[in-house]
Amino acid sequence: MSFIRLVLCVTGVYSMFLLKNDAISVPFQHIDGKSSEKFKSPLFMGTLQSFLSSLSALTYILIRSKSNQSLPQLLGLSHVETAAEKSKHTNGASNGHANGNGKHHDKPDTRFSTSALLMRYLQCSLFITSAAPFGFAALSYISYPAMVLGKSCKLVPVMIMNVLLYRRKFAKHKYIVVAMVTAGITIFMGMGGEGKGKHGSKASNTAEKPPYANLIGLTYLLINLALDGATNSTQDEIFSRHKVTGQQMMFWINIFCTIITSALSILPLPYIPVIHPGEAGTSELAGALEFLRTHPGVIMPLFQFAATGALGQLFIFETLQHFGSLTLVTITLTRKLFTMLLSVIVYNHKLTAGQWLGAAVVFAGISVEAIVKRKDVHAKRVIQEKEKAKLKSL
């Protein structure tokens, strides 16, 4: 069942990413037919996607709901303890929850604290809302290939933030898999020939920028990666300390994101580097609505962008709940690699020797993860069979 769920999650994430095309990034014709412009309202795009995402999560929750569940239970704000959980807590109280040294755990039990849970959701939403502007800002100083190359190392900040923020430890093979996948994707991206031809004009533009431009771009990119890592590690912490489903988390995080981005787009903010780089005292929402009125061709691509993102999040949060953030990031990163390899087969594109080497390293890393997981599943089944045999003998 676990393997089937993983296959469904991978298929869902891959398909939604493929459907989520870049049609929104092209210029759209003005209604006067004389000019065309690009849609430049990232906050409006984020608000629309987070709103549709919260709506799709709520729909999924309602479809899967049971007749005896209250609204707080449906939304993950109230939890009814099972007999097994009550027994576990009773036994824990009797032995004082002591660890191996006889000392109590420093972390308070906030497993069923609604306020603590909502604060974690708000924390994730703030990280997500803050990360996107730094990603956009980085592209103003560094080339797109450099951005993709940096993003390919996302597994590293996710693991670092898990360790730094929540003192989480991973199995030894996880560190090996992260290193192999990161190295493989880095080799694949770095050994490609796209950067010299397709992005040649961008390269020349960056050469005209001041010497410290690359440093600024790299700083913005590192902040973006750190915020992404903090988001994923906080989501792992929520699942480990609270009894919630992936869709409940998806609903609340997107609700908070919608509130935050709506407020930022409505308010006439002053000039704020990265966050609000436009003209001081302007509202992004007014500009976005005016663009929709004068460029109606943007409406369908905008809706497609938000809808595929919303459906894709259902698979993303299902993966987060059952397999953790490292598996999720591995899926999203390797998706780009598989897309490129698919284009080689379908369109007869050619890869360099270095790119084939990078692909081989990534597949080797994924194979290590698959082999270890298969052994773990087999070991669990053996233990379960032994327990069943003991119960039958009694």
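Student: In which helix is Thr308 found?

Tutor: This is a predicted model, in which local features need pLDDT of at least 70, side-chain atom pairs count only at pLDDT 80 or more, and totals for chains, interfaces and linings use all residues. Residues are numbered from 1 along each chain as its sequence is written, and side-chain values use heavy atoms, with hydrogens and water left out. Helices (DSSP runs of H or I, at least four residues) and strands (runs of E, at least two) are numbered from the N terminus. The helix that spans residues 299–323 holds Thr308, and that helix is α14.

Student: Is Thr308 buried or exposed?

Tutor: Buried means under 20% relative accessible area, exposed means over 50%, and partly exposed lies in between (1.4 Å probe, protein chains only). The relative accessibility of Thr308 is 9%, so Thr308 counts as buried.

Student: Which backbone oxygens does the side chain of Thr308 reach?

Tutor: A polar contact is a pair of N or O atoms within 3.5 Å; within protein, one must be able to donate a hydrogen and the other to accept it, and residues adjacent in sequence count only if both atoms are side-chain atoms. At 3.2 Å, the Thr308 side chain reaches the backbone oxygen of Phe305. At 2.7 Å, it reaches the backbone oxygen of Gln304.

Student: What does α14 span from its first C-alpha to its last?

Tutor: The expected span of a helix is 1.5 Å times one less than its number of residues. With 25 residues, α14 is expected to span 36 Å, and its reach is close to that, at 36 Å.

Student: Which residue follows α14?

Tutor: The residue after α14 has a positive phi, near 90°. That residue is Gly324.

Student: Which residues does Ile238 touch?

Tutor: Contact means heavy atoms within 4.5 Å. Leaving out residues up to four places away in sequence, Ile238 touches Leu117, Arg120, Tyr121, Cys124, Val244 and Met249.

Student: How many disulfides does the structure hold?

Tutor: A disulfide is a pair of cysteine sulfur atoms within 2.5 Å. The structure holds none. For Cys257, the nearest cysteine sulfur is that of Cys124, 8.8 Å away. Cys257 has 7% relative accessibility and so counts as buried, while the number of disulfides is zero.

Student: What separates the C-alpha atoms of Gly46 and Ala306?

Tutor: Gly46 is found in helix α2 and, at 29% relative accessibility, counts as partly exposed. Gly46 and Ala306 are 260 residues apart along the chain, and their C-alpha atoms are separated by 8.1 Å.
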